[in-house]
Amino acid sequence: EPTLREMYQFLKKNPELDLACIPLEFFEARTGLHPKYLTMGNKNRVIDLDEEPYNYISSSASTFYKREKIKGMEFDITMLGGEDTHFNCELYKKNKKIGYVCENNVVYHYRKRESQNSTVDTVAQNPRGFQSLAKRFKAFDKDNLEKYEKEVIIYELRSFLKNFTEEIFEK
């Protein structure tokens with residue numbers, strides 16, 4: 001309830017936002033704040049992706065959406081991972097301002113499984129994972145990339161390659 005109250009109050013003060021997120025914190029096999037949230041600070045605020053393109057939100061799990069802004073939108077179920085990043089990037093094309101709500105111990109607890117058998121953990125092992133990555137990038141206008149789109153490409157490629165090389169060297 002405190003998280004919902006904090007989010008409600010924030011969005012009420014910032015009606016121009018289409019989405020807002022809360023920090024994602026790991027538990028079980030991995031602990032601590034997801035690295036993506038380390039640069040966002042410890043105060044509720046509005047992030048302008050033109051000024052802070054590296055602070056885009058990729059996770060839908062820790063994001064609250066304005067219903068009327070996502071009406072008719074769907075996650076691309078043909079993608080193997082990254083469908084929430086793709087979804088959020090579609091929203092960023094219309095509004096590059098996003099909310100970040102973290103005060104009063106607001107956090108989304110995300111289980112990083114010991115077994116490492118979640119979709120997120122196994123994407124690099126599946127050729128469709130790379131196809132999904134390519135599909136996300138094709139949605140961008142390659143001749144006129146937004147700053148945040150460049151950050152998405154770098155982050156996604158780095159994550160994919162890290163997972164892929166870990167899979168190769170563990171065998």
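Visitor: Hi! What kind of model is this?

Guide: It is a predicted model, where local features need pLDDT of at least 70 and side-chain atom pairs count only at pLDDT 80 or more, while totals for chains, interfaces and linings use all residues. Residues are numbered from 1 along each chain as its sequence is written, and side-chain values use heavy atoms, with hydrogens and water left out.

Visitor: Thanks. How many helices and strands does the protein have?

Guide: There are six helices and seven strands. Both are DSSP runs numbered from the N terminus: helices are H or I with at least four residues, strands are E with at least two. From the N terminus on, the order is α-β-β-β-β-β-α-α-β-β-α-α-α.

Visitor: And how much of the protein is buried?

Guide: Buried residues make up 40% of the 171 residues. Buried means under 20% relative accessible area, exposed means over 50%, and partly exposed is in between (1.4 Å probe, protein chains only).

Visitor: Which residues of α1 are buried?

Guide: Glu 6, Met 7 and Phe 10 are buried in α1. They sit on the same side of α1 because they cover an arc of only 95° around the axis, the arc being that of the directions from the helix axis to the C-beta atoms. On the other side of α1, Leu 4, Tyr 8 and Lys 12 are exposed.

Visitor: Why would residues a few places apart point the same way?

Guide: An α-helix has 3.6 residues a turn, so residues three or four places apart point the same way.

Visitor: Got it. What covers the buried residues of α1?

Guide: The cover includes the strands β1 (19-21), β4 (45-48), β5 (63-65) and β6 (97-100).

Visitor: Switching topic: which residues touch the most other members in the largest nonpolar core?

Guide: Those are Tyr 37, Leu 49, Ile 57, Tyr 92, Ile 98 and Tyr 100, in a core of 24 residues. A nonpolar core here is a set of buried Ala, Val, Leu, Ile, Met, Phe, Trp, Tyr and Cys residues joined through side-chain atoms within 4.5 Å. The elements giving two or more residues to this core are β1, β2 (24-28), α3 (83-92), β6, α5 (127-138) and α6 (147-170). Apart from this core lies another, of seven residues, among them Met 7, Phe 10, Ile 22 and Val 106.

Visitor: Ile 98 was in your list. What is it in contact with?

Guide: Leaving aside neighbours within four places in sequence, the contacts of Ile 98 include Leu 17, Leu 19, Val 46, Ile 47, Leu 49, Ile 57 and Tyr 92. Contact means heavy atoms within 4.5 Å.

Visitor: How many disulfides are there?

Guide: The count is zero, where a disulfide is a pair of cysteine sulfur atoms within 2.5 Å. For Cys 21, the nearest cysteine sulfur is that of Cys 102, 8.9 Å away. Cys 21 is buried, with a relative accessible area of 0%, and Cys 89 is buried at 4%.

Visitor: And how many salt bridges?

Guide: The whole structure has five, a salt bridge being a side-chain nitrogen of Lys or Arg within 4 Å of a carboxyl oxygen of Asp or Glu. One of them joins Arg 45 and Glu 52 (2.8 Å, N to O). Arg 45 is partly exposed at 22% relative accessibility, whereas Glu 52 is buried at 14%.

Visitor: Which residues are joined into one network?

Guide: Asp 50, Lys 96 and Glu 146 are, through salt bridges that share partners. Asp 50 meets Lys 96 at 3.9 Å, N to O. Asp 50 lies in the loop between β4 and β5 and Lys 96 in the loop between α3 and β6, so this pair ties together parts 46 residues apart in sequence. Glu 146 meets Lys 96 at 3.2 Å, N to O, and Glu 146 lies in the loop between α5 and α6, 50 residues from Lys 96.
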